[in-house]
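Work through the exercises below with the structure open beside you, and try each task before reading its solution.

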Amino acid sequence: MTAIEQSNAGDLVPSPAGQDPAPDPHSGHSGVPNAKLAMWLFLSSDCLFFGAFIATYLLYRDRPGQTGPTPQDVYNIPFTSVTSFILLMSSLTMVLALAAVQRGDYRRFRVWIMATALFGATFIGGQIFEFTEFTRKGLNVDTNLFGSSFFILTGIHGTHVLIGIIWLVSLWGLSMQSRISQGDSERVEIAGLYWHFVDVVWIVIFTVIYLLPK
Amino acid sequence: MTTVARSLPKAAPRPLALRRPKRITGFWSWFTTVDHKKIGILYGATALLFFVVAGVEALLIRLQLAGPNGTVLTAAQYNTMFTMHGTTMVFLVGMPLAVAFGNYFIPLQIGARDVAFPRLNMFGYWVVLFGGLFIYSSFFLGGAPNGGWFGYTPLTSTPISGGALPGQGPNFWCVGIVLLGIGSTTSAINFIVTILNMRAPGMTLMRMPVFTWMMTVVAFLTVFAMPIITAAMIMVFFDRNYGTLFFVASKGGDPLLYQHLFWLFGHPEVYILILPGMGIVSEVLPVFSRKPLFGYSVVIFSGIAIGFMGWGVWAHHMFATGLGPVAISAFGLSTMLIAIPTGVKIFNWLGTVYGGAVRLTTAMLFSLGFIAMFTLGGLSGVLHSIVPADTQQTDTYFVVAHFHYVLFGGLVFGIFSGFYYWWPKIFGRMLNETIGKWNFWIMLVGFNLTFFPMHILGLTGMPRRTYRYPSGYGWDTMNMLETIGAFIIALGTLIFLVNLIFSLRRGQVAGNDPWDGRSLEWSIPSPPPAYNFAEIPVVEARDDWWHRKYTEDSEGRLVRLPSGGADDQADTASEPAGEAVGASVATATATDVALRDTSGATPAPVDDHTDGHGIHLPSPSYYPLVLAAGLPCLGYAAVFREIWWVVPGLVFLLFGMFAWGLEPSVDEEG
């Protein structure tokens, strides 16, 4: 175990007893705070969740004998690029929000966290527009394998973004009630971990689904 | 950038709506508790209840198969029974029992006062309970699951209108598995964080008891395996209800994809089930052989190796599906390879017992039974890695014999060993050893009578998952023997349950350390007080508690230390120094009677010597229950596709989540 300075102020972590010979007080601690470690574990689990859907998409992308619209028929790469860029920018505002709360600058924190949520909402709006466009062009979940795997994969990702938005707005609301202080920045950091993860997953999805040539 | 540091006073935590529960004793406290020990007991009781239910299902199956052309069950009922028997045993018995022992003993073995996330712990329990009740409610709400615990597509994924499987069963099954996956993932994350972050000073990873180590591996497997089955369940559910084409072969979909996803989860799941049993056995054998575990590090690394290799063998469940020679050879080889770390462990256990001062207690008998039965199951498992043999055995009773030898002879025997070993610690009273030995021998005989003939039946071609068989195939006698054996197992289980109840009322008082144990849980009173350790122990060795009791003289013989070593435990002080090996059980003295907290009353005002403050234990909470109650509501919404169920679901979910988030884990006013 690395002897990183124990930054966890959480309860229940045993502190070294004042006995000698004193064992390494950090021998029982990984150095990552509990809640953050839990979030990392959840995200690693989520990787396999998305992995299963992405693998399914890749398997079904080139199936012969499919009828109905193909990816080439429906994709609007420039449009999706713009919404993807907006989602990526939300990671930047998330970083700024965390930096602000760590400084104790609560006003800027609220500005940036709201900006992050709004960028996320814009992305969701783009996804809704895209979905309706695709349906208009005749692609549905039951049209062909492309439709099934595309809608489920991006839908699951959209759900993740939606949960993230609710989380960010909740943090904003807590801050409005002065319930988020400098000392609580770990709460923001954990929400940030989730948000960045959802962004990174989108980079993978965008590359694999939209950009990889057939 | 200028720093605008405004010092906002941190607002006092305001309760959102519900007053914080205060009770930590009595009936209602079980609904709001966050004590890892109580939650462990809840898991154990729930799992035993489902064990009985799954047993009844198994008995019905065996009654149907007792003779040719059985008439006890219809084909549809038979499908329901074997589906629910498998699903229950895996998700509602095997996993929760391991979590029960993990919950209770991981913090005790690593010297912690609770798990890292006490409320999340309780949430996980509620989700597992509600998930189980949700699946079982299907019996009354439109048909129970009937597609097997593996739920192969396209059988399960074809819509009801397609006529494949009648009723709502597969819908309940998909949603139920997702719920149970949520529950087990939260407890797995909780275990990992607890083990990585909350070990007592000096408790390095390579000093951890083997049970805790195996639970660590299990927790990682759970974290990585459950999302895959969740994804598969979502695809099946959408195929069945919303017209997606994932597994529709006529539209280009690939039903085999489901088998890959399922077994990519399903094979690690096998190790999720067996590794806790291996951990328990690795605790029990050293204690009753009065020797340290032979090759501790090898046992640990074998467990880790099994955890890794368990991800590379899944397709051996699919040898008969036509994967092609390259894939089949690779998976056959990896299946042979995974036998190596497993075999290493078996030799380590034998090495532990060899030359030891063996005490044949019931716990020890079950552990020895585990080794023997698991070895038999392992040997028939290696047979399956030989592809031509496996192709012959696929879908016959030979496979049923194999996995019951590893899961019943392995997992269940290991868990029973754990019950007899740890029950005195949990409830402060011994289980009756005479009844226990009857229990063991009856179960061993019943088990072998039930499952050994299945090898032969399988080799002579009796197919599994069929609800009756014609006479004249030479199967009649052995099937009858199996049914008799199943009832003998039931008798053994009944004796076990009687022993539990008898012990709670009239069992012999156990004292702190009835077995002369080796790990930290035996250094504290039985049952442990709410705060576990009055003083967080400082660990200086592997088997630390043993080394606080014993040392070696110049000729390498064990000598009992005069003081027992522990600062706050005087129980061994009364015993004469230099007592010979084979010492009698440590008896309870006035000290631990004083320390014992049988009433579970308010955390005693024991000073935490580390910082001069009292011990702050997490306070009870309603919100894990509230939050978890939302999930089955959403489940019913999905199964019945009735939108109004979403309303209570979201209300519970959002209210529970926000109230939980705003509630401090320790009630300052309390």
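**Exercise 1.** Which residues in α9(B) meet which residues in α10(B)?

*Solution.* The model is a predicted one. On the side of α9(B), the residues in contact are Gly332(B), Thr335(B), Met336(B), Ala339(B), Thr342(B), Ile346(B) and Trp349(B), and in α10(B) they meet Ile371(B), Thr375(B), Gly378(B), Val382(B), His384(B) and Ser385(B).

**Exercise 2.** Work out how α9(B) and α10(B) are oriented to each other.

*Solution.* Begin with the angle: α9(B), residues 325–353, and α10(B), residues 362–385, pack at about 165 degrees, and their axes lie 9 Å apart. Angles over 145 degrees count as roughly antiparallel, and therefore α9(B) and α10(B) are roughly antiparallel to each other. Finally, the handedness of the crossing of α9(B) and α10(B) is left-handed.

**Exercise 3.** Check the span of α10(B) against its number of residues, and decide how far the helix is enclosed.

**Exercise 4.** Find what the buried residues of α17(B) pack against.

*Solution.* The buried residues of α17(B) include Tyr623(B), Leu627(B), Leu631(B) and Tyr636(B). These buried residues of α17(B) pack against α4, α5 and α18 of chain B. After α17(B) comes Arg641(B), which has a positive phi, near 50 degrees.

Definitions and conventions. Residues are numbered from 1 along each chain as its sequence is written. Chains are lettered from A and ligands numbered from 1 in the order in which they are written. This is a predicted model: local features need pLDDT of at least 70, side-chain atom pairs count only at pLDDT 80 or more; totals for chains, interfaces and linings use all residues. Axes are lines fitted to C-alpha atoms, for helices over the stretch in contact, and angles run from 0 to 180 degrees between N-to-C directions. Helices (H or I, at least four residues) and strands (E, at least two) are DSSP runs, numbered from the N terminus. Angles under 35 degrees count as roughly parallel, over 145 as roughly antiparallel, 65 to 115 as roughly perpendicular and the rest as oblique. A crossing is left-handed if the near helix is turned anticlockwise from the far one by less than a right angle, and right-handed if clockwise. Two residues are in contact if their C-beta atoms, placed from the backbone, lie within 7 Å. A residue is buried if 20 or more other C-beta atoms lie within 10 Å of its own, exposed if 12 or fewer, and partly exposed in between; C-beta atoms are placed from the backbone. The expected span of a helix is 1.5 Å times one less than its number of residues.
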